[in-house]
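Please consult the sequence and structure shown below alongside the text.

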Amino acid sequence: MKEINFKAIEKKWQNKWEKKKCFQVKEGKGKKFYVLEMFPYPSGSGLHMGHALNYTIGDIFARFKRMQGFNVLYPMGYDSLGLPAENAAIKQKVNPKTYTEKSIKNFIVQQKSLGLSYDWDRMFKTHDPDYYKWDQWIFLKMFEKGLVHKKQSPVNWCPKCNTVLANEQVHNGKCWIHDTVEVEIKYLNQWYLKITDYVEELNDFKELNKWPEVIKKLQKNWIGKSYGAEVLFEINKEKWPVFTTRPDTIYGVTFMVVSAQHSRLKELVTDEQKIEVENFVDKLNSVSEEEIEQLDKQGVFTGSYAINPINKEKIPVYAGNFVLADYGGGMVMAVPGHDQRDFDFAKKYNLQIKEVISGGNRKETQVSLTSQPSLKKAYIGEGVLVNSGKFNGIQSKRAINEIIRHLEKRKLGKKTINFRLKDWLISRQRYWGTPIPIVYCDNCGLVPIPEKDLPVKLPERVKFGKGNPLETSSSFINTKCPKCKGKAKRETDTMDTFANSSWYYLRYCDPQNKKNIFDKKKTDYWCPVDLYIGGKEHACMHLIYIRFYTKFLRDLGLLKINEPSIRLFNQGMLHGLDGEKMSKSKGNVVLPEKVSKKYGIDTARLFLVSIASPDKDVDWSEKGIQGSLKFIKKVFDYFDVVKIGKSSLKIQSKVNKTIKEITQDIENLRYNLGVIKLRQLFENLEQEKEIARKDLESFLKILSVFCPHVSEELWEKINGKGFISLAKWPVFYERKINKKLEKQEEQIEKLVEDIYNILSMIKEKKKKVYIYVLPNEKQIYLENIDLIKKKIRLSLEIFAVNDKIKYDPDGKSRKAKPGKPAVYLE
């Protein structure tokens, strides 16, 4: 095999594509298709092959759709604001802008080297004022519509990031960026977006039938729609609303638990309990709802008592670590007889436990309606109400509505729906984010910046160290009030970086627009995204926020769509040689530059999509990529000697069948299966003396989506017209697929597989294989004897079972069946 100068070939075709603007698109040219990968944060360490896998998945699909005749929008930009860039810049003692711009330049060089067919004219960076101007514009529109508010509340605080985090950014009690840092609770005045106004729509997934079920399930759980009742408990002569999904257990309430992070906790704490409660609260860290079940349930008596509205019983109020401040009012009615968490808490603090539902398998006449058995654990099933006053003897399921009606009639509660999803905490106490367009005026109060004065730009001269860097810039802070023209101070919090990525897919449709966020005609043409590619770890952050922004912009009359994308694909993860996730800190990254130099980037692209389905996690393998390199070299050698002429009927069948099946495989993102079939087609081509030009071109066209550079080179070699990247995808003809021939091929493959299986079960080395077939099948196997020999790499002899002269020492020929030869090895 001759050596291939991959570097020269790659540079040659990348320059040609760029010079001719091959992948630049405009609206209105045929049926559109929008392919998009989640845009990257441009880290200083650059891309590794894990990133390359993600972009290769998208590029293959974009190339495929382009060749099918679609007008393909396939853009790239950079999610360049946010904490990671700011922290890295501080470490390197440079301004975040300098750090980010340098990182982006490196990213672009690396991405172009991968042969990605982006429309680079649409590229943008979220740290450009021309982009974040529109983040601010959206904020002001939400402010106008009453979807923005500021309030004092307990918030998640990362001591390493020195900023607040949204609930979605706390993972297992740790910061989403610093996964070893415990998140703390602080009480701060913060900005929120009322995503809850769209909660019912966000909980509706009927238009997302091409999104992975796991994503929809995660979002549904995060949104957390619950049906139940809001019950009014009186504490210190004030009514406190408490949500419950089990009003049928209200007679079993023996204590209340308020979140230790509740904003009104101090109102419940008596002087006698103040120190004990403060000590308890100070020890708490932030937890998510998923973590609550694993927590050691702890609490402290507040000194206050609540009055149960159903029976007027006086019950103690505890502060606990297992109640979320922002769910169901931040307080729960504890029913230890019928909730295991409450049961454990009651046992720990020696609190009363009541049975109010008796096991559902007993008849009502067998149930004691007033007894209090000694319970060993909580009974959480359905049954008959006991110790529940006038509701005794009623089945618990029916009692839910009867008790709600009872409470509603007396104005002590009401039927309601509760959601776990809470408003999005969007403000951050850091520099490298979109400035919030608000000023504070002593005369006018809180005042939004007029749209004509946008963007509010980040100052470049700030001091990094402790606290919010924007607070060190007096020229930024001190300004004039837009209303009264008096002295005012700017808001120094910036927006969460997820605000930048919640609408970015729309800006690609019209990235140079200075007057409007985008031209509505252009977004109407391109949107929604047809294929969106990204990791499932974004299910409850970015993928909820982008849906929220889409619905809001629709309600402004800017969009006709309800959802951002038709189809979502979650790519797998590429692990390093150590089997761990690639990361610079672990020292296991594989760099595209090194791979390209050693193997060629097309070899890497082919290998990445060959080893497994693109949605599966895979390990990098030097041995595996060698196999892809060998294949590409064989293809190059073949094109040096191939004779263009007429294809046999067998090859015509093979080519048409391959086109049909690989088209389906790519459409379904089963690239690995497509590559297997492409290799099999090539094996068949190699055995032929001559091949029709059309069939040769079809092979190259299919190869081109996986290996674009070498395919362009070979296309030029056979005098193909124009760029193969812009050629038409091959069409298959069903009538040319010889089903009888294909069935015979399957028989051959099955035979080879059987021989492999036998060889794997025996220890001693074998040199020769004897095959015994039915008389009417002998010719099929004889015609393919060379192919079988090549695959098994052993001597081979074929006999019909009725051959008078045959070598059959073990009488194996008697076991031959139709389509399943008998095998003997020695």
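## Basis of the model

The model is predicted, so local features need pLDDT of at least 70 and side-chain atom pairs count only at pLDDT 80 or more, while totals for chains, interfaces and linings use all residues. Residues are numbered from 1 along each chain as its sequence is written, and side-chain values use heavy atoms, with hydrogens and water left out.

Helices (H or I, at least four residues) and strands (E, at least two) are DSSP runs numbered from the N terminus. Buried denotes under 20% relative accessible area, exposed over 50%, and partly exposed the range in between, with a 1.4 Å probe and protein chains only.

## Salt bridges

Side chains of opposite charge can pair when their charged atoms come close. Across the whole structure, a search finds 64 salt bridges, each defined as a side-chain nitrogen of Lys or Arg within 4 Å of a carboxyl oxygen of Asp or Glu.

One of these joins Glu667 to Lys65, with the closest N and O atoms 2.9 Å apart. Because Glu667 belongs to helix 21 (residues 649–667) and Lys65 to helix 2 (residues 49–67), the pair ties together parts that are 602 residues apart in sequence. Glu667 is partly exposed at 27% relative accessibility, whereas Lys65 is buried at 5%.

Helix 21 also contributes Lys657, which is linked to Glu742 in helix 25 (residues 739–761), 85 residues apart. Lys657 has a relative accessible area of 23% and is partly exposed; Glu742 has 5% and is buried. Both residues belong to a network of salt bridges that also includes Lys650, Lys654, Glu661, Asp665, Arg670, Lys677 and Glu745.

A further salt bridge, 3.3 Å from N to O, connects the side chains of Glu697 and Arg693. These two residues are four apart in helix 23 (residues 693–706), so about one helical turn separates them. Glu697 is buried at 18%, and Arg693 is partly exposed at 32%.

## Packing of helices 20 and 24

Helix 20 (residues 622–641) packs against helix 24 (residues 708–717) at an angle of about 5°, with the axes 11 Å apart. Axes are lines fitted to C-alpha atoms, for helices over the stretch in contact, and angles run from 0 to 180 degrees between N-to-C directions. The two helices are therefore roughly parallel, a term for angles under 35 degrees.

From helix 20, Ile632, Val635, Phe636, Phe639 and Asp640 meet Val710, Glu713, Leu714 and Lys717 of helix 24, contact meaning heavy atoms within 4.5 Å. By class, this contact has six nonpolar, no polar and three charged residues. Here Ala, Val, Leu, Ile, Met, Phe, Trp, Tyr, Cys and Pro count as nonpolar, Asp, Glu, Lys and Arg as charged, and the others, Gly among them, as polar.

## Two buried loop residues

Leu470 occupies the loop between strand 20 (445–448) and helix 13 (474–477), and is buried at 0% relative accessible area. Beyond residues up to four places away in sequence, Leu470 touches several others, including Arg430, Tyr431, Leu458, Phe476 and Thr494.

Asp510 is found in the loop between helix 15 (504–507) and helix 16 (520–526), and at 7% relative accessibility is likewise buried. Leaving aside neighbours within four places in sequence, Asp510 is in contact with Arg122, Phe518, Asp519 and Lys522.

How values were computed
Parallel < 35°, antiparallel > 145°, perpendicular 65-115°, else oblique.
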